[in-house]
Amino acid sequence: MELASTYNPADTEDKWYKYWMDQKYFHSEPDEREPYTVVIPPPNVTGMLHMGHMLNNTIQDILVRRARMMGKNACWVPGTDHASIATEAKVVNKLKSEGVDKSDLTRDEFLKHAWDWTDKHGGIILEQLKKLGASCDWDRTCFTLDETRTEAVIDTFVKLYEKGLVYRGVRMVNWDPDALTAVSDEEVVYKEVHSKLYYLLYKIDGEDGHVTIATTRPETILGDTAVCINPNDERFKHLKGKRVLVPLINRSIPIIEDDYVDMEFGTGCLKITPAHDLNDYEIGMRHNLESVDILNDDGTLSEAAQMFVGKDRFVVRDEIIPELQTAGNLLKVEDYDNKVGCSERTGAVIEPKLSTQWFLKMNHMAKVALDAVMTDEVQFHPAKFKNVYRHWMENVKDWCISRQLYWGHRIPVYYLDNGDFVVAKSAEDAVRLAQEKSGNKLLTISDLKQEEDVLDTWASSWLWPISVFDGFNPEKKEIDYYYPTSDLVTGHDIIFFWVARMIMAGYEFKGTFPFKNVYFTGMVRDKQGRKMSKQLGNSPDPLDLIAKFGADGVRVGMLLCSPAGGDLLFDESLTEQGRNFSNKIWNAFRLVKGWEVNELLPQPESAAKGIEWFAHKLNQTITLVDDHFSKFRISDALMAVYTLFRDDFSSWYLEIVKPGYQQPIDGATYKATIEYFDKILRLLHPFMPFISEEIWQLLEERKEGESVMVSNMPVAGEIDKKLLASFELTQEAVGGVRNIRKQKNIPNKDSIALSILDNTGNYDRTFDAVLSKLANAEELTFVSEKVNGALSFMVKANEYFIPMGDLIDVEAEIARLEADLKYNKGFLVSVTKKLGNDRFVNNAPEKVVAIEKQKQADAEAKIKALEESIASLKKS
């Protein structure tokens, strides 16, 4: 078989992905097996693959592929999110570039453009995920705005309304003046900005004197309806019951008292603008204040402002200052750093704004969902995120679920001419309900007007684990098999947006949790710790990385620096390391397949012992990998397999069993080697699906339809810890010989004599044949006293000698031994000190204390042997 000298991912990845698809290995149907279900966190339909997607979906694919190999019916459901605000913003910008304004279009005309955009760009990201190797059941691809998901959203809105959990009301909301819609608290990002703090004088109505307030938003004074002081503030007792005049417009407003005012902050006097500040709104509610909304939806000043009407709020901020100065109302201006809330999607500065919106009551659902996580019915990995979750759930507010957009699920509310409304799943139901409510049997759909607002995007994706299986349709039974899902992999930045709400929906609509485990990935950052972004130019294109290093190399590289819940400091050198690991696997495969096999040859003892050792080492690693996966330590699981192959299999096992130069290998050893290679490839497959498939297919003759991805994951067998410990001593001995060869420039092909001093009678000869081969020792002899004219090294209490004749440099050897002696004496002091600590001895596990005592005994034996060797050399 002619094998390429280096592994080329480009030659294999598309080939094997097509093969898996053709064989329908990714597709799942309910059967008698245990289901393993994962739903993809749906990326924005118009999105492109970024590094965060790469990490998230790599981890999902690892979990899914492993479950499939463990005999479970793995179902990974892919899909995309319609992303109301983000997608509408892109369509609006596209139209604007073509000279078309959204306001010039009807709803239906705009939606046609939006669907055209979605048809063109939607799903690109899912195609990109295939390049990564994602083994999703593509037959099940869903879209949050498709017919099935839309029916689920409308159905649940109606049910929640009928239960009294959905209501319409005027509340203070976060208003995005660019997107012209309300956004939730979780969609507001707070940024540190350099601002100005303006100290303004408000004249006391009807007398001389003034009060001073400080504000970062002088344009909002036009909406002031009170000035507030703390009732306990002695400085302002003379102001109680008085009124002040709003600068420039001279509107008379009351001075009120409220404990909310911090006497130590600012001037101690607070301007109250109920229409444009959440805290002011609450104070205004308590004191029955008038609310003057001075802003239009687009952030320009309204007629209610009386000045600067139609101008943008930030233009007014600049223009109002000279006016205040001229009028004598500006005391001073200071530099001031503060945090400003911005829309996550558009970047616009958020305006608190009174608005009529639809809300969902959260208290009861939040309590149920909180209990589920706190009792570990739903487990978070890492568990530290339970505290973040609890804080939010204990302080949850009613969810503003309406958005003033066209793109999304239109709220199923239908208004009558008199302002009454009905909530219905369809226009037909709405007419029937409206006729009943009004008593007018002649009402038709033309007499009703449907709500213009759409639902928040998260009001569809919170149903995702249910709706992807059409779980609100009583005729569909798949939900009973696949739900609850098994594991969710997502970023901790959407723990409130999505995770908490899915848990609420699960209990509300299905009476149980939506998933058993939540694995939180960290943020992907560059090696300087900066968040990766297009703006900074520090985010590589994932497809470029795959083209350069191969999908397997990128997957390994990302996981090598990805602790659960911790930020990933990405460095391209890690993906290079992943590619190099692929090449190491390929080179090991080429070595093994290059051996000539002779079935008639007897098996050498060294090979038999190497095979015996590796069986236990492999079982130990499988056990460790199983444990890591049970604790969602995905990176640690990869590292265990990585180390097994790189160190144990490639560096030790293959060295032990490989035949001499141009010599054949015996059949028994070759057969065992192929079996071990097969098992390692199966362990590697979830992490490195492409190269593991390529080599597995070439390792032995395979039939059409066979694949490593549907083979069984290796199961751990017996582990002889004593045998493994014995091999570690042999490794140390081989290392000792190799060090001396290096020091004395003795080629590895030159055989040596090796003598072993065993004063204790406890020397373990289990792997002597391996030692002889790897040390290239023509003979192993056992001696009862030190060998003169030899270089030596120690492994535990045993001393090894390589006779050097007249070649030994006595002074250099004494210096080396004295350095070793100094180290061991220092080590003995530290161990003795630890064992002399009663607290350690009494509290540490018995096993730990025993290990320390063994270290002490070994160090004492080494020191004694080293002192004797030094003394012997000094005599010679």
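The model is predicted, so local features need pLDDT of at least 70 and side-chain atom pairs count only at pLDDT 80 or more, while totals for chains, interfaces and linings use all residues. Residues are numbered from 1 along each chain as its sequence is written, and side-chain values use heavy atoms, with hydrogens and water left out.

In the order β10-β11-β9-β12, four strands make up an open sheet with mixed pairing, where strands are DSSP runs of E with at least two residues, numbered from the N terminus, and two strands pair if DSSP finds at least two bridges between them. Because β10 (243–245) and β12 (270–272) each have a single partner strand, they stand at the edges, and one side of each is left without a neighbour in the sheet. Neighbouring strands of this sheet are turned against each other by 35 degrees on average, direction ignored, with axes taken as lines fitted to C-alpha atoms. The pairing of β10 with β11 (residues 252–257) is antiparallel and runs over three bridges; within it, Val244 has Ile253 of β11 as its bridge partner.

Elsewhere in the chain, Trp595 sits in the loop between α18 (572–593) and β26 (597–598). Trp595 counts as buried because its relative accessibility is 11%, the limit for buried being under 20% relative accessible area with a 1.4 Å probe and protein chains only. Leaving aside residues up to four places away in sequence, Trp595 touches Leu654, Val657, Lys658, Pro659, Ile665, Tyr670 and Thr673, contact meaning heavy atoms within 4.5 Å. Gln663 is 68 residues from Trp595 in sequence, yet their C-alpha atoms are 8.2 Å apart in space.

Notes: Axes are lines fitted to C-alpha atoms, for helices over the stretch in contact, and angles run from 0 to 180 degrees between N-to-C directions. Buried means under 20% relative accessible area, exposed over 50%, partly exposed in between (1.4 Å probe, protein chains only).
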